[in-house]
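Please keep the viewer open as you read.

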Amino acid sequence: MPSTGANIRAVASPLRYSDSLIAGILRRVRTIAMVGASPNWKRPSNFAMKYLQQKGYRVIPVNPRAAAAGASILGERACASLAEVPAPVEMVDVFRGSEAALEFTREAIRLREDKGFEVVWMQLGVRNDKAAAEAEAAGLTVIMNRCPKIEYGRLWGELGWGGFDRGVISSRWPRPATRDERAG
Amino acid sequence: MSEETPAPEGSSASDWGFETRMIHAGAGPDPVSGSRQTPIHQTSAYAFHDADHAASLFNLQTFGFIYSRLGNPTVAALEQRMASLEGGCGATCAASGHAAQVLAFFPLIEAGERFAASTRLYGGSVTQFSRTFPKFDWQCDFVDTEDLSAVEAVLAQGAKALFVESLANPGGVVTDLETLAGLTRAAGALLIVDNTLATPWLCRPFEWGADLIVHSATKFLSGNGTVIGGAVVDSGRFDWSASGRFPGLSEPEPAYHGLKFSETFGELAFTVHSHAVGLRDLGASMAPMNAFLTLLGTETLALRMERHCRNALAVAEWLTEHPKVEWVSYAGLPTSPYRELAEKYLPNGAGSVFTFGVRGGYEAGVRVVEKCELFSHLANIGDARSLIIHPASTTHRQLSDEQRAAAGAGPEVVRLSIGLETVDDLVRDLDIALAAA
Ligand SMILES: Cc1ncc(COP(=O)(O)O)c(C=O)c1O
């Protein structure tokens, strides 16, 4: 099981993603298939899953062992593979090692039309440039070596609560959501 | 999710200049009231949405506030600003610069382990490391950081970190950060830099390979002699998991159900740990009012430092010509042995704290200090007011003669912290005091 904190320095050339690209993904996506989500609440994947659920995403765990045991993780029934995930799912979040990412990315490419996958997101510490190239050629958006939980907190303020530089500067005061926006 | 996820309006802070970040980093309009200046969140504790939210916060599964010993929104705004100005990942504010130093070492050094520190440090730091840290069984080896083989030797003997001041108090000494960072990196140790005297406007140690930066916010950051405060800034670059030498960050933490900080939080690990374990148990948290005053100070940091440096250079140049002055130790002077290092590490100026030697030794030193009218005789630096002190009888009094000499605080030494007054008035005040010395 990889972690949000695997060796960041070992990654070859730094990856740069614009805030607008990441924000666009996090706004568009509603459902996430999390490959490698753990039922153990102390694992980083479980942390990330719970946080994303609290922010209003549906997160479907992909974990063959949990699925074989008929287990649910944070209230969602575990699926044995991406093929079992109920459509539509816009994003595949790979919480597995960099090598294994190739296999899951290829599966995501195969199932793209079926499931409605738009984004393959590899967790912090996970990077597979070959997988990324194949996915991009197939029309998928790819993010690597980032955590959607951290990115969400960075872009919308919460990360700053922990004393982290969010890298965001703005003097605007956003108007409160309207009734229609609240109704979603 | 529309109500929670508006498009972020700002762009990456790395695209913004230092002066812009000095004013804006960490401090947008208050989301509830629109208050443009950062509110002082004078509260001890924070409401939970529900039991699950409370549990998530206590388990470190979500970001948020629980209790102001662990975190506070005003303090967090300053932490973000410090992280941004230093080019770091995150920061943890503390009740004082000394508290920040304890916080910096706390996740790194276990009982019985060692670290190394430069002999050229603020006297209070020498005392903290040599007298109080041994009570935690943290052992400090002091080393002349200009003797590189001596540095290599202490690192080889197991020092897990090297602590230096970029621009050393009481003054005039510039540390060769890049070279020392090469040595610590090769030894798998951390380079911790006290950047108090330089401030991030004059020197950014992360750009030279430092791993952690500590500050006394009491000095130039707040800038008006109003607060006692400190901060630890993490570069986010040290790989705790790969190193294996820092079990506090890479091994399971029993108080958080066996959570491993580096695995769970990646580059955020040190700063999360400093709040969730360090401040939780050491309790030396910064007060919100002090965070507010420091935020206010940082808004004008570059402007003030520019003038501090200009005034300091003028006073230092004038002192070199004075018959009662034996020597002047200011890295901005062309004659300083640290001139080259200053040009490399402090291109915008050599700061405003420096020392000079008075002819007549200890007695003359004490007299100069007492004869000043405009300079304030007190134990601080980094104020808008000019300050003067005789270190041997005050700040460095608790050290041995040997330690004093190594720290540049011999009997004839007078330390100045040049403020923002009219420079001719400063010169006149010193002229009268020297004449009477
Ligand atoms: C270089 C330096 N570091 C640390 C400190 C300690 O900071 P504080 O007094 O805020 O605890 C001081 C205070 O004089 C200092 O000059």
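## Around the ligand

In the residue classes used here, Ala, Val, Leu, Ile, Met, Phe, Trp, Tyr, Cys and Pro count as nonpolar, Asp, Glu, Lys and Arg as charged, and the others, Gly among them, as polar. Sorted this way, the shell around the ligand holds 10 polar, 4 nonpolar and 2 charged residues.

Of these 16 residues, the ones that come nearest to the ligand are S96(B), G97(B), H98(B), S216(B) and T218(B). Two helices of chain B, α4 and α5 (123-132), each contribute at least two residues to the shell.

## How confident is the model?

This is a predicted model, with ipTM 0.87 and pTM 0.92. Chain B has a mean pLDDT of 94, and 97% of its residues reach 70 or more. Residues 1-13 of chain B have pLDDT below 50, and this stretch makes 35 contacts in the model beyond near neighbours in sequence.

## Helix α4 of chain B

## Helix α2 of chain A

Why is helix α2 (residues 44-54) of chain A described as largely enclosed? The reason is that 9 of its 11 residues are buried, including P44(A), F47(A), M49(A) and L52(A).

The cover over these buried residues includes β1 (31-35), β2 (58-62), β3 (72-73) and α7 (148-155) of chain A, together with α2 (51-58) and α11 (261-265) of chain B. After α2(A) comes G56(A), with a positive phi near 105°.

Methods. Residues are numbered from 1 along each chain as its sequence is written. Chains are lettered from A and ligands numbered from 1 in the order in which they are written. This is a predicted model: local features need pLDDT of at least 70, side-chain atom pairs count only at pLDDT 80 or more; totals for chains, interfaces and linings use all residues. A residue is buried if 20 or more other C-beta atoms lie within 10 Å of its own, exposed if 12 or fewer, and partly exposed in between; C-beta atoms are placed from the backbone. Helices (H or I, at least four residues) and strands (E, at least two) are DSSP runs, numbered from the N terminus. Two residues are in contact if their C-beta atoms, placed from the backbone, lie within 7 Å. pLDDT is the predictor's confidence in each residue, from 0 to 100. A residue is near a molecule or strand if its C-beta atom, placed from the backbone, lies within 6 Å of it.
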